[in-house]
Amino acid sequence: MKKLILTIIFTITIITVSTAQDYKTGIGLRAGYPAGLTVKHFISNKTALEGIFATRWRGFIITGLFESSKQLADVDNLNWYWGLGAHIGFWNNGNYSYWGESGTSYTVIGLDGILGIEYNFEDIPINLSLDWKPAFNISGYTGFWGDGGAFSIRYIF
């Protein structure tokens, strides 16, 4: 009886683990706000670390995120994910006046959230994702930025 129970638990664990993620690491391009490069690496079956190096506001932002994922609606290779993280950025307002003081540079530090969906192709090593990534700057040019979102394409291995 113990062997049967252990076999059932082992089988359920293997099935759950095999559907939780479809790749280990993905590297690619992020098109949106902000646009740049993205690297996503799974550290367990359902959790990943994502790094984003992006350009915006005549400067750049480095973001690190801790994400959890889950299969979406019994569709193979389709997952949704959510997470939290932080960023540091260096912005140059130049001569623009649509935000901040004209001609002022800013160093910003803040918190980020992310909510998205991703699809991994079975026949080719490509991952597509669509996300919303709001941010809140707690230092530098402070405030909430809810316009963050992007479409990403990654090579997965």
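This is a predicted model: local features need pLDDT of at least 70, side-chain atom pairs count only at pLDDT 80 or more; totals for chains, interfaces and linings use all residues.
Me: Is Ser152 buried or exposed?
Reply: Ser152 is buried, because its relative accessible area is 0%. The cut-offs are under 20% for buried, over 50% for exposed and partly exposed in between, with a 1.4 Å probe and protein chains only.

Me: What is Ser152 in contact with, leaving aside neighbours within four places in sequence?
Reply: Leu29, Arg30, Thr38, Asn127, Leu128 and Ser129. Contact means heavy atoms within 4.5 Å.

Me: And where is Ser129 found?
Reply: Ser129 is in strand β7, residues 126–132. Ser129 is buried, with a relative accessible area of 2%. Leaving aside neighbours within four places in sequence, its contacts are Tyr81, Ile117, Glu118, Ala150, Phe151, Ser152 and Arg154.

Me: Stepping back, what pattern does the chain follow?
Reply: Along the sequence it reads α-β-β-β-β-β-β-β-β-β-β, that is, one helix and 10 strands.

Me: What share of the chain is buried?
Reply: Buried residues make up 38% of its 157 residues. Of the contacts with a separation of 6 or more, 48% are between residues 24 or more positions apart.

Me: How many cavities of 30 Å³ or more does a search of the whole structure find?
Reply: One. A cavity is a set of points on a 1 Å grid over the protein atoms alone where a 1.4 Å probe fits but cannot get out, and lining residues have an atom within 4 Å of a point. The largest cavity holds about 130 Å³ of space, with grid points joined across faces, edges and corners and the volume being the space filled by probe spheres set on them.

Me: What lines the largest cavity?
Reply: The lining has 14 residues, and Arg56, Ile61, Lys133, Ala135 and Trp145 lie nearest the centre. Both β5 (78–92) and β8 (135–139) supply at least two residues each. By type, the lining has seven nonpolar, three polar and four charged residues. Nonpolar here covers Ala, Val, Leu, Ile, Met, Phe, Trp, Tyr, Cys and Pro, charged covers Asp, Glu, Lys and Arg, and the others, Gly among them, are polar.

Me: Now the backbone. Which peptide bond is cis?
Reply: The bond from Tyr33 to Pro34 is cis, with omega near -5 degrees. Pro34 is in the loop between β1 (25–33) and β2 (35–42). Most peptide bonds are trans, and most residues other than glycine have a negative phi.

Me: What about phi at Asp74?
Reply: Asp74 is not a glycine, yet its phi is positive, near 55 degrees. Asp74 belongs to the loop between β4 (59–71) and β5. It is exposed, because its relative accessible area is 76%.

Me: And Asn77, what is its phi?
Reply: Asn77 also is not a glycine and has a positive phi, about 70 degrees. Asn77 is in the loop between β4 and β5.

Me: Why does Asn77 count as buried?
Reply: Because its relative accessibility is 11%.

Note on methods: Residues are numbered from 1 along each chain as its sequence is written. Side-chain values use heavy atoms; hydrogens and water are left out. On a 1 Å grid over the protein atoms alone, a cavity is a set of points where a 1.4 Å probe fits but cannot get out, and a pocket is an open set with protein on both sides within 12 Å along at least five of seven lines; lining residues have an atom within 4 Å of a point. Helices (H or I, at least four residues) and strands (E, at least two) are DSSP runs, numbered from the N terminus.
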